[in-house]
Amino acid sequence: ATPRPSDPGHAAVAQALEDAGDNHDERAAEIAQHWAAAAETGRAARGHQRAALRAGLSDSVESLRNWRRVRDLASGVADLDERRALSIPACQQILLLASRVGASDEEMASVVEEGRALIEQTGDRPALAKLLGLFGGVRWHIAGSTADYLRYGEEGACIAAECDDPALRAAAMCMPMWGNYGAGTGRQCIAWADRVLAETGTDNRLGKEVFGYSPRASAFNVRAQGFAFLGRLEEARQHGALALSEAESTGEDEVLSWALCDFVYQSYLRGGPESVLDNARRCLEIAETLDIEVSRVCAFWALGMAWLIDGQPATAREMLQKAVEITMDRRVMRCQLPTILSILAETHLALGDRPSALAAVREGIERGHTGGSPYCEAQAQLALAQVLLAEEGGPPRAEIEAALDRAEELVAAGARDRGVREAPVSPAGAPTSCRHGRPSECARRDAGKLTRSRSPRAAVIAP
């Protein structure tokens with residue numbers, strides 16, 4: 001008969017399975033369940049820890065499930081040192097995996113609070129640097145908060161800088177690097193990427209064990225996007241190709257999926273005209289292989305932009321709507337929702353659905369503002385100006401000018417806040433009618449036609 005949950009027979013089964021030896025790791029979760037049923041919480045937690053480590057990033061959902069069990073069980077371990085040894089890595093890994101597959105704000109707040117309290121009891125500064133960086137990343141993904149990514153990422157990087165651990169330093173610097181990517185501050189993206197590259201040298205694996213991806217490969221990607229934020233689109237193209245090559249040659253598939261998406265985005269900003277559909281399709285292939293929701297969002301976002309470049313707004317809209325759906329349902333990549341919604345508005349407009357375009361872009365503005373990303377909000381404001389220009393019966397001049405004023409204000413403020421002398425680029429994808437011009441220039445030019453009493457002001461995009 002099957003033993004009752006409190007029956008010591010569970011302990012005998014667990015011990016027998018462990019003694020069998022050969023497939024101990026493969027059956028770690030099963031063994032852990034028996035130890036838990038036998039009220040051996042410490043052994044159960046260690047079993048789920050083995051199962052989580054075995055799943056790793058190759059099965060993020062299963063790994064996350066097991067780390068959650070480690071955290072739950074560890075809270076019942078009487079020995080404080082053992083509890084810390086189980087709970088601290090569990091909290092770190094839950095944050096890491098949740099940023100890839102999604103989680104609730106409430107759970108993440110609880111996880112970081114518990115993890116920080118336990119770490120501060122030990123005085124383990126490297127563990128604290130890692131936890132803070134991970135929490136910044138998860139706030140960016142599940143809440144869309146660029147401000148939190150910068151805050152916690154920079155705090156973690158400062159702590160890591162004090163540690164005699166090059167791998168940790170390289171990985172921790174990636175967090176403010178990506179935070180500036182989210183903010184759209186191009187020069188800071190390049191500066192942080194250069195720091196990462198200086199730390200890693202030619203070592204593509206240094207720091208990979210910290211957050212699960214190569215700091216060096218990701219730095220090439222962010223560096224390329226930094227040039228795009230600055231409006232230096234040809235340099236962005238060249239560095240984007242280098243980022244693809246680095247990620248491909250080092251086998252960094254997850255980073256490659258991000259780099260492919262950004263490469264497509266840079267082509268979109270240039271207005272094409274070359275097709276990047278193959279790049280977007282490759283991005284989707286990687287996402288399906290990795291089975292990571294973040295990469296899926298990147299893939300459908302890339303496909304939407306690629307189809308738009310190819311003059312297929314209906315297919316583009318379908319792809320972008322899939323990206324939005326995953327983002328909302330799975331609570332991942334909410335950091336990129338303002339940008340995706342701005343481009344989605346373009347497809348609505350191209351298909352004659354102005355009300356949907358207006359709704360999408362207004363949501364993009366709100367999310368960009370709430371998330372603390374000047375770039376994303378400015379991009380959405382520029383997209384709003386384009387949608388308003390298409391209004392029947394005459395474009396609303398005052399509202400268009402207000403949107404353009406706000407975009408300029410955001411770019412200037414973003415430059416001041418991040419210590420940048422010149423304004424970083426804040427482009428939005430140009431609608432089909434303005435496909436080969438910078439969108440802010442197009443919006444200003446068209447808005448200027450509304451009245452001869454006021455000339456269009458300087459474009460938002462820096463030269």
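Mentor: Ala, Val, Leu, Ile, Met, Phe, Trp, Tyr, Cys and Pro count as nonpolar, Asp, Glu, Lys and Arg as charged, and the others, Gly among them, as polar. The model to which these classes are applied here is predicted.

Trainee: How do you know that the lining of the second largest cavity has no charged residues?

Mentor: The lining consists of Trp140, Tyr181, Gly182, Gln225, Phe229, Tyr265, Trp301, Cys335, Gln336, Thr339, Tyr375 and Cys376. By class, the lining has 8 nonpolar and 4 polar residues. At least two lining residues come from each of α9, α12 (215-229) and α20 (374-389), and the space inside is about 90 Å³.

Trainee: What makes up the lining of the largest cavity, by class?

Mentor: That lining has 16 nonpolar, 4 polar and 3 charged residues. Of its 23 residues, Trp140, His141, Tyr149, Trp178 and Trp258 lie nearest the centre of the cavity. The elements giving two or more residues to the lining are α5, α7 (125-143), α9 (166-183), α14 (253-270) and α16 (293-309). The largest cavity holds about 340 Å³ of space, and the structure has 6 cavities of 30 Å³ or more.

Trainee: Why is Gln92 called buried?

Mentor: The relative accessibility of Gln92 is 7%, and buried means under 20%, so Gln92 counts as buried. Gln92 belongs to helix α5 (residues 80-101). Beyond its neighbours within four places in sequence, Gln92 is in contact with Ile119, Ala127, Lys130, Leu131 and Leu134.

Trainee: Why is Leu351 called partly exposed?

Mentor: Leu351 has 35% relative accessibility; this value falls between the 20% and 50% limits, and Leu351 therefore counts as partly exposed. Leu351 sits in the loop between α18 (337-350) and α19 (354-371). Apart from residues up to four places away in sequence, Leu351 touches Pro313, Ala314 and Arg317.

Trainee: How do you know that the span of α10 agrees with its number of residues?

Mentor: At 1.5 Å a residue, the 15 residues of α10 should span 21 Å; the end C-alpha atoms are 21 Å apart, so the two values agree. The residue following α10 is Gly201, with a positive phi near 60°.

Trainee: Which residues of α10 are buried, and what covers them?

Mentor: The buried residues of α10 are Gly186, Gln188, Cys189, Ile190, Trp192, Ala193, Val196, Leu197 and Thr200. Their cover includes α8 (146-161), α9 and α12.

Trainee: What does Leu206 touch, not counting residues up to four places away in sequence?

Mentor: Leu206 touches Pro166, Ala167, Ala170, Glu199, Thr200 and Pro215. Its place is the loop between α10 (186-200) and α11 (208-211). Leu206 and Ala171 are 35 residues apart in sequence, and their C-alpha atoms are 8.2 Å apart in space.

Conventions. Residues are numbered from 1 along each chain as its sequence is written. This is a predicted model: local features need pLDDT of at least 70, side-chain atom pairs count only at pLDDT 80 or more; totals for chains, interfaces and linings use all residues. Side-chain values use heavy atoms; hydrogens and water are left out. Helices (H or I, at least four residues) and strands (E, at least two) are DSSP runs, numbered from the N terminus. Buried means under 20% relative accessible area, exposed over 50%, partly exposed in between (1.4 Å probe, protein chains only). Contact means heavy atoms within 4.5 Å. On a 1 Å grid over the protein atoms alone, a cavity is a set of points where a 1.4 Å probe fits but cannot get out, and a pocket is an open set with protein on both sides within 12 Å along at least five of seven lines; lining residues have an atom within 4 Å of a point. Grid points are joined across faces, edges and corners, and a volume is the space filled by probe spheres set on the points. The expected span of a helix is 1.5 Å times one less than its number of residues.
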